[in-house]
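Let's take a walk through this structure together.

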Amino acid sequence: MNPNRRRLQLSVNIERKSLTHSTLAFIKPNHNICSQFQMPSTEFSVLVRRMPTHLSKTPFHCVRRRSYHSYDHLPYNPYTPSQEKILSSALKHVPEYGFVKQSLVQGCRDAGYLDTTHAVFQDGVFDLVKFHLYKERNKLAALKPQIDEDEGKSVGKRIRRYCTERLKANELIISKWTEAIAIMGLLQNIPQSLEELAKLSDEIWFLVDDKTSDFDWYTKRATLAAVYSSTELYMTQDNSPRFENTYDYLDRRLAAVQNAGSSISNLASWATFTGFASLNLLQSQLSRG
Amino acid sequence: MAFLPRQPLRPSHFLRLRQVVHRQVSSARYLSVPAPPLGNSNSETNLGKEQGTQARSKTTHFGFKDVPEYEKEDLVREVFSSVAKSYDVMNDFMSFGIHRLWKDHFVAKLDPGRRPGGEPLSILDVAGGTGDIAFRMLDWASDIHNDHQSKVLVVDINDDMLKEGHKRSLTTRYGDGSRIEFKVQNAELLDAVPDNSQDLYTVAFGIRNFTNIPAALRAAHRILKPGGVFACLEFSKVNVGILDMIYQQYSFNIIPLMGQLVAADRDSYQYLVESIARFPSQKEFAGMIKDAGFEISGDGYEDLTFGVAAIHTGVKV
């Protein structure tokens, strides 16, 4: 070390403006950043790093949801107890009034709140629809031990059982479900509706212990979502006793998907085999000279 | 050279149709003060400490300028006294009439009115001087719900705005004053409004002018019945980068100019755009509503026109 080396007195004039919550100033020892700015080398250099503003003062940072399934924590619940109370009581009025504001207002009354309380739900009736989807999706997990016992190891049978259980939850409100479909189909609501469908499909595959980690992960979820949503649509027009036709329709769709799935995988293995065989043939022909 | 005019004529000489009012609060003065960090609703953490320990030296922001807390109320009152007459005309000019759509949507969302088997509502419209929201809510209750009993109490800190509202109420079907009442009140205290007495608290384009927003939110919590809803329509942060750029250019360059041309009052409109820029973002404000004891649903807000304005709601449980 050269004892005569000039030590730079670092006087950092950070304007008050930049000293917000989003600014983090820290000293990093022996970091030779000064050479980049043609400054004399110092033992300490000061780096001012700006933290992304969305991380700094977000009031909700403590309740951010996990993007994976944790066995050690309760699942994220977006509803407060009072909101759950209001929305569950509102769902009881849906068979009578339908998916309209009237049900929501009746729910507020039943839960002991005022008529105006409904205004707190940002998406109005769509919040009621979302709550129904959320609640019924989360009920499926509790059925797992029963279904595992009844249906054994067969993935197809268990998938069918979960679909029927989920469809049964729609039986009471099926006469009004077309209204909900109309609300879900509104342009501003489509992303959230599709997300909810994807979550349902994912939940069912998760509950049948699916461990896929390749591209099949997507195709499995997409096909199940397609099967489930078309069956749900069929159910709205079904007048048969105990919705027998709907469950027959579900069986036919699942069988079709399985057939298609096996044909595709047969086709894929045939293509792979033929490809490798022709490559080997070509290789041996060329090496022969 | 003596025959030449001392100043060359510029287009602005012809555009300045009316005398521009220069009051004590000039835009030049508050632009010279360095901008404090955005989003700090009251700067007792910054300037307050620097200036000493005296209670009266607590500051708050007035546009981009920091002023002592006790002065802000008067300054805001002065701004709105000077714009009261031309308030609605200017709103139409500045927002291309969109503020009407926002207000209509706000009222439609709250859907106020007596329902079968329910009680008539008592609604408190804070900072509602000219009665814009109050008339819309009464119209909604009467026309949609056939409710001719629900009442609105309009409070404002500014007597001039209230007079304007009262004058307008005489031309409507609520002119007899049985369903609408006007009162001068400080939104942070609301001392004329009893606890747990209101079904609905609305504040449209007013809350950013309050000296102490958390105190106003606590007052709202106090006067609402359990289950009562706090609803706020306010300018907010545009959430699309490129649109935000255009919006900032528009608000800082065009709006004060319009204020000068149409209302002959550049300073007030300069204050308006600065106060909009200083108001916290949607998420931060939703957090403040939660802190005051309200419960929110989901994110607690809805963006209007890409976030130029936003509706926040909270419920007292």
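For the complex, the predictor gives an ipTM of 0.71 and a pTM of 0.72. In chain B, the mean pLDDT is 80, and 81% of the residues reach 70 or more. Where pLDDT is low, the predicted coordinates should not be read in detail.

With that in mind, let's look at chain B as a whole. Its secondary structure comes to twelve helices and nine strands. Of the 317 residues in chain B, 44% count as buried. Among the contacts in chain B with a separation of 6 or more, 71% are between residues 24 or more positions apart.

Chain B is divided into two domains: domain 1 covers 21-33 + 40-82, and domain 2 covers 97-236 + 280-315. Where they meet, ten residues of domain 1 of chain B are in contact with nine residues of domain 2 of chain B. On the domain 1 side, helix α4 (residues 69-83) of chain B gives the most, with seven residues. The residues of that side of domain 1 of chain B divide into two nonpolar, four polar and four charged.

Now to the sheet. In what order do the seven strands of the open sheet in chain B run? The order is β5-β4-β3-β6-β7-β9-β8 in chain B, and the pairing is mixed. The edges are held by β5 (180-184) and β8 (301-304) of chain B; each has a single partner strand, so one side of each is left without a neighbour in the sheet. From one strand to the next, the twist averages 15 degrees.

Strand β4 (residues 151-156) of chain B is joined to β5(B) by five bridges, and the two run parallel. B:Asn146 has a phi near 50 degrees, a positive value in a residue other than glycine. Is B:Asn146 buried or exposed? B:Asn146 is exposed, because it has 10 other C-beta atoms within 10 Å, and a residue counts as exposed with 12 or fewer.

At the other end of the sheet, β9(B) pairs on two sides. Seven bridges join β7(B) to β9(B), and these strands run antiparallel; B:Ala231, for instance, has B:Thr313 in β9(B) as its bridge partner. Four bridges join β8(B) to β9(B), again antiparallel, with B:Leu304 opposite B:Ala309 in β9(B).

In a regular strand the side chains alternate between the two faces of the sheet. Both faces of β9(B) are covered: B:Ala309, B:Ile311, B:Thr313 and B:Val315 are buried on one side, and B:Ala310, B:His312 and B:Gly314 are buried on the other. In count, seven of the seven residues of β9(B) are buried.

β8(B) and β9(B) form a hairpin with four residues between them. B:Thr305 is partly exposed, with 15 other C-beta atoms within 10 Å.

Helix α6 (residues 98-110) of chain B lies across β6 (198-204), β7 (224-235), β8 and β9 (309-315) of chain B, and runs at about 160 degrees to β7(B). Helix α9 (residues 213-223) of chain B lies across β3 (122-126), β6 and β7 of chain B, at about 145 degrees to β7(B).

A:Gln237 lies in the loop between α10 (216-236) and α11 (244-288) of chain A. A:Gln237 counts as exposed, with 10 C-beta neighbours inside 10 Å. The C-alpha atoms of A:Gln237 and A:Thr178 are separated by 9.3 Å, and these residues are 59 apart along the chain.

Technical notes
Residues numbered from 1 in each chain as written. Chains lettered and ligands numbered in written order. Pairing = 2+ DSSP bridges. Axes fitted to C-alpha atoms, helices over the stretch in contact; angles between N-to-C directions. Contact = placed C-beta atoms within 7 Å. Buried ≥ 20, exposed ≤ 12 C-beta atoms within 10 Å, placed from the backbone. Domains from an automatic or database assignment. Nonpolar A, V, L, I, M, F, W, Y, C, P; charged D, E, K, R; others polar. pLDDT = per-residue confidence, 0-100.
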